[in-house]
Amino acid sequence: MKWLIKRYMLDARIESFVELSKRTGISKRTLYDRLNDPSTLKIFELKALDEVLHFRDDDIVKLMRGQV
């Protein structure tokens, strides 16, 4: 999941997970926990990430299924 998120961060010109945390409203600790164990990702967190990173449909489905 981390590499997929990083790819979208590059497209959005977000330089760090700290900046992503600020833009999404997801705490740094929670964001790092979700990156390390994507199966714990909550729907509202996925929505917050999508509002900032604008995932493609197939990628958001992968994230929901924990396939990345």
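This briefing covers the nonpolar core, the helix faces, the helix packing and a few individual residues of the structure above. The model is predicted. Its largest nonpolar core holds 20 residues, and helices α1, α2, α3, α4 and α5 each give two or more residues to that core.

**Nonpolar core**

- In soluble globular proteins, nonpolar side chains tend to be buried together.
- Within the largest core, the residues with the most contacts are I5, L20, L49, L53 and F55.
- The contributing helices span 2–11 (α1), 17–24 (α2), 28–36 (α3), 43–53 (α4) and 57–65 (α5).
- Helix α4 gives the most to this core, with five residues.
- L49, listed among the core residues with the most contacts, touches L20, T24, I26, L31, L41, H54 and F55 when neighbours within four places in sequence are left aside.

- An α-helix has 3.6 residues a turn, so residues three or four places apart point the same way.
- The buried residues of α1 are L4, I5, Y8 and M9.
- These residues lie on the same side of α1, because the arc they cover around the axis is only 140 degrees.
- The face of α1 turned away from that buried side carries W3 and L10, which are exposed.
- The cover over the buried residues of α1 includes α2, α3, α4 and α5.

- In α5 the buried residues are D59, I60 and L63.
- Viewed down the axis of α5, they fall within an arc of 100 degrees and therefore line one face of the helix.
- The other side of α5 has D57, M64 and R65 exposed.
- The buried residues of α5 pack against α1 and α4.
- Just after α5 comes G66, with a positive phi of about 70 degrees.

- Two packed helices are described by the angle between their axes and the distance between the axes.
- For α2 and α3, the packing angle is about 110 degrees and the axes are 9 Å apart.
- That angle falls in the range of 65 to 115 degrees, so α2 is roughly perpendicular to α3.
- The crossing of α2 and α3 is right-handed.
- On the α2 side, F17, V18, L20 and S21 make this contact, and on the α3 side K28, L31, Y32 and L35 do.
- For α2 and α4, the packing angle is about 105 degrees, with the axes 9 Å apart.
- Helix α2 is therefore roughly perpendicular to α4 as well.
- This contact is formed by L20, R23 and T24 from α2 and by A48, L49, V52 and L53 from α4.
- L20 of α2 takes part in the contact with α3 and in the contact with α4.

- R13 sits in the loop between α1 and α2, just after α1.
- R13 counts as exposed because its relative accessibility is 69%, against a cut-off of over 50%.
- H54 belongs to the loop between α4 and α5.
- Not counting residues up to four places away in sequence, H54 touches Y8 and L49.
- Of these two partners, Y8 is one of the buried residues of α1, and L49 is among the residues with the most contacts inside the core.
- H54 and A12 are 42 residues apart along the chain, and their C-alpha atoms are separated by 8.6 Å.

- E45 is part of helix α4.
- E45 counts as buried because its relative accessibility is 4%, where buried means under 20%.
- Apart from neighbours within four places in sequence, E45 is in contact with I26, T30, R34 and T40.

Key: Residues numbered from 1 in each chain as written. Predicted model: local features only at pLDDT ≥ 70, side-chain atom pairs only at ≥ 80, totals over all residues. Heavy atoms only, no water. Core = buried A, V, L, I, M, F, W, Y, C linked by side-chain atoms within 4.5 Å. Buried < 20%, exposed > 50% of the residue type's maximum accessible area, 1.4 Å probe, protein only. Helix = DSSP H or I, 4+ residues; strand = E, 2+ residues; numbered from the N terminus. Contact = heavy atoms within 4.5 Å. Arc of directions from axis to C-beta. Axes fitted to C-alpha atoms, helices over the stretch in contact; angles between N-to-C directions. Parallel < 35°, antiparallel > 145°, perpendicular 65-115°, else oblique. Left-handed = near helix turned anticlockwise from the far one by under 90°.
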